[in-house]
Amino acid sequence: MERRAAGGKGGGRRWDPGAWFLVLPALLPILVLSVGPLLYGIALAFTDAQSGRTDPTEWIGLLNFRDLRQDTLFWESFRIGLVWAAGVTVPQFLLSLGLALLLNQNLRFRWLARTLAIVPWAMPEVVVGIMWRLVYHPDAGILNETLGTHRDWLGSLGSALPAVIVVGVWAGMPQTTVALLAGLQNVPRELHEAAAMDGAGAWRRFRTVTWPALRPVAVAMGALAFIWNLNSFALVYVLTNGGPGGRTRLPMLFAYEEAFRYGQFGYAAAMGCVLVAVVSVLLAVFLVGRLKGDRT
């Protein structure tokens, strides 16, 4: 009875104002650096904000979104973004899964292999882009030297997007590999040994023992990787700057050009709102799927 009286009605916990002082140091940077700019960008999408104008910015409602609905170039960039995100995420996941399975084996110099596997993760995207530009260089690139050709991989309409997808897969593999490797290490070895004693082969052990335990991590990493890739900017910007002929112009690159090349801040903010809405829907689908999976 005393505990219930101290806890308030229904035995619930009392609200402790002092707890907010412990949360504020972590909450303030999020509010200032993430939530604040996001709300400002959403508000900007409903204005005619432009660079270099002397007239005050006016509220124009949904006009930017109406223009955006008819902008075929933006929707083409959105299609390219979906192709890029899927083209990077799927092979990236499959290769990362294979590499994680390999690194989970008791091999010699496994520590060295694990270290080398995360090297691309430690490199900034700008450095990765510059390095791969040298690899793809039409005259002195390693790729053309190896193949004995002089093809402009990043400047050709047919090869530019596949070329940057290869770079995206290479650059994004480490974090997916590390997450999958951590999931694999949580699978009890006793289950594998018991399945092997029952005569199960490698594929059957993976399908019945490894994958069910790894599936939550795999689904989470696949969904997050798709969202990250859809929002890519720096890597493709350094590699091709959206060219040639807009073949690698992702939605983020399109919005960047509208804002900082043409000065259409309100219109670019409307593009950003569309991307935020798409990402929010993807996150909602992922969270609903996770909740259903946890209940079952």
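**Surface, fold and the T47 site**

The protein exposes about 18300 Å², and carbon and sulfur atoms supply 65% of it. The model is predicted.

User: What radius of gyration does the protein have?
Analyst: The C-alpha trace spans about 80 × 75 × 30 Å along its principal axes. A compact globule of 296 residues would have a value near 19 Å. The protein has 25 Å.

User: What share of the contacts with a separation of 6 or more joins residues 24 or more positions apart?
Analyst: Burial comes first: of the 296 residues, 34% count as buried. Among contacts with a separation of 6 or more, residues 24 or more positions apart account for 64%.

User: Is T47 buried or exposed?
Analyst: T47 sits in the loop between helix 2 (18-44) and helix 3 (63-69). Leaving out residues up to four places away in sequence, T47 touches T57, E58, W59, I60, N64 and G266. Its relative accessible area is 10%. Buried means under 20%, so T47 is buried.

User: Which backbone oxygen does the side chain of T47 reach?
Analyst: The distance is 2.7 Å. A polar contact needs N or O atoms within 3.5 Å.

User: Which residues of helix 13 are buried?
Analyst: Helix 13 covers residues 251-260 and is mostly covered. Seven of its ten residues are buried. They are P251, L253, F254, A255, E257, E258 and A259.

Notes:
Residues numbered from 1 in each chain as written. Predicted model: local features only at pLDDT ≥ 70, side-chain atom pairs only at ≥ 80, totals over all residues. Heavy atoms only, no water. Buried < 20%, exposed > 50% of the residue type's maximum accessible area, 1.4 Å probe, protein only. Helix = DSSP H or I, 4+ residues; strand = E, 2+ residues; numbered from the N terminus. Polar contact = N/O pair within 3.5 Å; in protein donor to acceptor, adjacent residues only side chain to side chain. Contact = heavy atoms within 4.5 Å. Rg over C-alpha atoms; globule rule 2.2 N^0.38 Å. Areas by Shrake-Rupley, 256 points an atom, 1.4 Å probe, with all protein chains shown as cover.
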